[in-house]
Amino acid sequence: MKFKTETNNSCFRFGLCLALAVGMLGCGNETLRFHLDMVWIRSNEDPEVAFQPEQLQNLSNVLGAVFGTPNKPHVLQDSDIGVEKLVNRDLLQLAAGPVWNDPQGKSHGLYRKHCAHCHGVSGDGAGSTAAYLNPYPRDYRRGIFKFKSTPKGEKPTNSDLEKTLLEGIPGTSMPSFVLLPDDEIAALVDYVKFLSIRGEVERNLVLELSDLEEGELLVSDETLEDGKELIQDAVSFVVNRWSRAESKVAIPAACPSSADPRTATGEEMERSITRGYHLFHGVIANCFTCHGETALGDGQLDLFDDWTEELQPKDPERHAELMSLAQRPQPARNLRPRNLRLGIYRGGRRPLDIYWRLINGIDGAKMPQVPMVDPNDPGKPGMSDSDLWDLINYVRSLPYETLSRPAYQSQTDHVQLTKPL
Amino acid sequence: MADSTCALRIGGAVLFFAVGSRKILWRRKEVLDMIHLQIKYLCLLVACTASTFSQIGWSAEWGNLKGRFIYDGSPPAPKKLVPTKDVAFCGKHKIPDERLIVNPENQGIADIVIYLRRKPSRISPVYDATATAEVTLDNIDCRFEPHVQLVRSGQTLVIGNKDAVGHNTNFTVFANSLPNSLVPALGSFRAKLTETEPRPAKVACNIHPWMSAVVVIKDHPYTAKTDKNGYFEIKHLPVGENMQFQFWHETAGYVRKVTGAKAKVSKKGRVKLNLDGDFDLGEIKVPPAIFE
């Protein structure tokens, strides 16, 4: 996690000094602040030596200097880091702060008006209604988003986030905001990105903090210059990921006309679906393992997603402690592989959406990406582009497949499919 | 008359000055040539000496660090893991619990990771040959082989599957961008590692939740793991450099509260060293409590 940035920004330094000074005076408590990620902090603490309150206050001050507060979010102006290219300061201000309408009727405080009651003011997914929802609302601070066009470890594009806002997430409590004007959608997209960047920078700084010796501050008056570089590195690391998202979008391979719903004859489509059926139950795509022999989503029920896994240490006392720190609604729920017979697709129902789920996997959930044939090693098992479209056709046909169809024979059948390799 | 004498004198003086200065110039050139010659010889001498030294005193430039980790208590009995998925295949194999392996005969702890925390200013050329090598992490008999793999950024990890069932390989990494990919039966995929990771990365197969492995990804080759008797060695470390090593274990995290090391180990399981040759940390005793 080392990145080189050489910058000199007097504004930044001034802000940092000011925040450290304010922290020392102790008047930082009166203003509304973003919560610290206490679960992550606790998880990275030395079991015997907890972080000192001064260390955490210092971390909070540093984050305040870089990102401001929920009422006054701050966009770091530093062309070498480039936060200002990712989030628009004016749009951010429109989304931030308390809810009010100006005399022209323009809405302000959009995030708190539309999102905060579920996702929380800090974007921690622990808003006041969170406990009543299943699945629980998303915590943005890990920087992980499930439904996107880019692979695991990469960020969603602006259009991925827009799509989630405009269409909602079917099968969950996330509604569609299609009635909002374009600039409000854009403002919310930028604000979610902002909260996510802030949260991920915080996580990276906590890792740095846990590397320091006992009681040492992340940035003190003595280490101001070193600390500045540390923070710039941490911010630009996260910002670089967001900046490159567009270049990481998976471009779908051409669909053969015999598997394309627009051009294939009924017979061709039936053959494509049958091929997909065998792929679904085969050991290359391996879908049946988690989605179940009958695709009802009952194949693997004991997993947790990345957000919940963090709260699941084996020790029950520790688990209870982390749950209370997270202010996360109880109980922690298992990850459910999707029931593919419902015809409800959280990330979208278009063939393209399902293509992205298969080729990228689902980040944060355990859904892996399908193994494609390695062009450098075509002898090794893997899926071809047309296999992928066959599988998509089968998945899309599942809600209409009769349940009276006999189940795939047995475990040994799955294994036998590897024989022709 | 006086004027002509004067002019002659001046001319003579000028002539003398010119000749004299040329002589001086010539002499200066001679001197410079001699100096050059001396410098050349000196350089040659220095080069010869240096090459002789580097051949004879090679180990003076690089040093090895070794040591051994032992369990400071009665070793826990080895455990077996019970497969809950693909039982028809995975159930045929005895799957050991590798999250803590203590040798019952000599109390050596296997798979403790020792890594240099920051990239040093010099890396031995011995490691050039493997800088972009392929390193394997295989799924065999429903477990990962090896259980702990050491990788240098720039190398490629080849994740293979020798089993008749499909696996997936899911990394928990911070800096690298690695897919969570299915690995079909008898298949494989490649992942190029470009960044150094702040912590050893845990690897899981979510289809078979009992499977776990660790991949240590650093931007230098100075990482090691203990063998089944608890021994480790990091070779060709730069001499005369301030270095800090971290001890880490999958179950314990930072290997803390150790005793018996021949150097001061910090509360976070770190040791600061500046080698002047080979160094043996000796037998390091690890308290059982940190594995609980």
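Visitor: How many residues of chain A are in contact with chain B?
Guide: This is a predicted model. In the model, chain A and chain B touch, and 30 residues of chain B take part on one side.

Visitor: Which helix gives the most to the side of chain A that touches chain B?
Guide: The side of chain A that touches chain B divides into 13 nonpolar, nine polar and eight charged residues. Three residues of this side come from the helix that gives the most, residues 411–416 of chain A. That helix is H17.

Visitor: What does the secondary structure of chain A come to?
Guide: Chain A has 421 residues, and buried residues make up 41% of them. Among contacts between residues of chain A at least 6 apart in sequence, 68% join residues at least 24 apart. The secondary structure of chain A comes to 17 helices and two strands.

Visitor: How many Å apart do the C-alpha centres of domain 1 and domain 2 of chain A lie?
Guide: Domain 1 of chain A covers 10–248, while domain 2 is made of 266–301 and 336–416. The two domains touch, with 14 residues of domain 1 in contact with 13 residues of domain 2. The side of domain 1 that touches domain 2 divides into six nonpolar, four polar and four charged residues. The C-alpha centres of the two domains lie apart by 36 Å.

Visitor: At roughly what angle do the axes of helix H3 and helix H9 of chain A cross?
Guide: Helix H3 of chain A spans residues 53–67 and helix H9 of chain A spans residues 182–211. Their axes come within 11 Å of each other, and the crossing is right-handed. The angle is roughly 145 degrees.

Visitor: Which residues of H9(A) make the contact with H3(A)?
Guide: The residues of this contact divide into six nonpolar, one polar and two charged. H3(A) supplies A:Gln55, A:Leu59, A:Val62, A:Leu63 and A:Phe67. From H9(A) come A:Arg198, A:Glu202, A:Leu205 and A:Leu209.

Visitor: What is the order of the strands in the open sheet of five strands in chain B?
Guide: The pairing in this sheet is mixed. S7(B) and S13(B) pair in the parallel sense over five bridges, whereas S12(B) and S13(B) run antiparallel and are joined by four bridges. S9(B) and S10(B) also run antiparallel, with three bridges. The order is S7-S13-S12-S9-S10.

Visitor: Which strands of this sheet stand at the edges?
Guide: Neighbouring strands of the sheet are turned by 30 degrees against each other on average, direction ignored. A strand at the edge has a single partner strand, so one side of that strand is left without a neighbour in the sheet. The strands in this position in chain B are S7 and S10.

Visitor: How many of the seven residues of strand S13 of chain B are buried?
Guide: S13(B) spans residues 212–218 and is mostly covered. A residue counts as buried if 20 or more other C-beta atoms lie within 10 Å of its own. By that test, the number of buried residues in S13(B) is six.

Visitor: Which residue in S13(B) is the bridge partner of B:Ala201?
Guide: S12(B), residues 201–204, runs antiparallel to S13(B). B:Arg152 has its bridge partner in S13(B) at B:Lys218. For B:Ala201, the bridge partner in S13(B) is B:Val215.

Terms used. Residues are numbered from 1 along each chain as its sequence is written. Chains are lettered from A and ligands numbered from 1 in the order in which they are written. This is a predicted model: local features need pLDDT of at least 70, side-chain atom pairs count only at pLDDT 80 or more; totals for chains, interfaces and linings use all residues. Axes are lines fitted to C-alpha atoms, for helices over the stretch in contact, and angles run from 0 to 180 degrees between N-to-C directions. A crossing is left-handed if the near helix is turned anticlockwise from the far one by less than a right angle, and right-handed if clockwise. Two residues are in contact if their C-beta atoms, placed from the backbone, lie within 7 Å. Ala, Val, Leu, Ile, Met, Phe, Trp, Tyr, Cys and Pro count as nonpolar, Asp, Glu, Lys and Arg as charged, and the others, Gly among them, as polar. A residue is buried if 20 or more other C-beta atoms lie within 10 Å of its own, exposed if 12 or fewer, and partly exposed in between; C-beta atoms are placed from the backbone. Two strands pair if DSSP finds at least two bridges between them. Domain bounds come from an automatic or database domain assignment.
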